[in-house]
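Work through the exercises below with the sequence and the structure in view. Each task is followed by a solution in steps.

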Amino acid sequence: MYFTYVCPVQKKVTRKMQYGQEAHLELDRLENSQGPSLNHKYQLIAYAMLLEDTYNKPVRYGFIYTNNEKAIPVEVTPNARVYVKETLEKIRLLVSKELIPNKAGEKGKCVDCEYRNFCGDVR
Ligand code: SF4
């Protein structure tokens, strides 16, 4: 606060900050060039299933908003529901057996991960 409002100084950009900024730009570029990623799609499907359970109403579509403010419709298909349920089973198995999940496929995902300080897979 002091250095922002009372005595502003030029903030030094560290190597980590620079790396994080580059990783974010790369993630944004990848996500915008290929439409919504599968993890976002299945996160949306899971939300739709939770809404159905909570409100007892069918959910047929959801929307993913991109950084350039485009709304991409995603159909909540029976196969997508099965995939979410299978993924939940895998997660429950990992938890019950206290197994470590595989590391993230993309290095950029580790930048903002809350487990970064504890994860042995961070490169
Ligand atoms: S820091 Fe570890 S837990 Fe987090 S995204 Fe990377 S590999 Fe996954």
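**Exercise 1.** In which segment is Glu98 found?

Solution. The model is a predicted one. Glu98 is found in the segment after helix 4. Its phi is positive, about 55°, although Glu98 is not a glycine. For the surroundings, count C-beta neighbours: Glu98 has 6 inside 10 Å. A residue with 12 or fewer counts as exposed, so Glu98 is exposed.

**Exercise 2.** State where Asn56 lies and whether it is buried or exposed.

Solution. Asn56 lies in the loop between helix 3 and strand 1, the latter being residues 61–65. Asn56 is not a glycine, yet its phi is positive, near 55°. Within 10 Å there are 7 other C-beta atoms, so Asn56 is exposed.

**Exercise 3.** Give the number of helices and strands in the protein, and their order.

Solution. The protein has four helices and two strands. Along the sequence they follow the pattern α-α-α-β-β-α. Of the 123 residues, 3% are buried. Next take the contacts between residues at least 6 apart in sequence: 45% of them join residues at least 24 apart.

**Exercise 4.** Describe how helix 3 and helix 4 pack.

Solution. Helix 3 spans residues 38–55, and its axis is 10 Å from that of helix 4, at an angle of about 95°. Angles of 65 to 115 degrees count as roughly perpendicular, so helix 3 is roughly perpendicular to helix 4. Helix 3 makes the contact through Tyr42, Ile45, Ala46 and Met49, and helix 4 through Ala80, Arg81, Tyr83, Val84 and Thr87. By class, the residues of this contact are seven nonpolar, one polar and one charged.

**Exercise 5.** How many residues surround the ligand, and which are the closest?

Solution. Ten residues surround the ligand. The closest are Lys103, Ala104, Cys110, Cys113 and Cys119. Sorted by class, the shell has six nonpolar and four charged residues, and no polar ones.

Technical notes
Residues are numbered from 1 along each chain as its sequence is written. This is a predicted model: local features need pLDDT of at least 70, side-chain atom pairs count only at pLDDT 80 or more; totals for chains, interfaces and linings use all residues. A residue is buried if 20 or more other C-beta atoms lie within 10 Å of its own, exposed if 12 or fewer, and partly exposed in between; C-beta atoms are placed from the backbone. Two residues are in contact if their C-beta atoms, placed from the backbone, lie within 7 Å. A residue is near a molecule or strand if its C-beta atom, placed from the backbone, lies within 6 Å of it. Ala, Val, Leu, Ile, Met, Phe, Trp, Tyr, Cys and Pro count as nonpolar, Asp, Glu, Lys and Arg as charged, and the others, Gly among them, as polar. Axes are lines fitted to C-alpha atoms, for helices over the stretch in contact, and angles run from 0 to 180 degrees between N-to-C directions. Angles under 35 degrees count as roughly parallel, over 145 as roughly antiparallel, 65 to 115 as roughly perpendicular and the rest as oblique.
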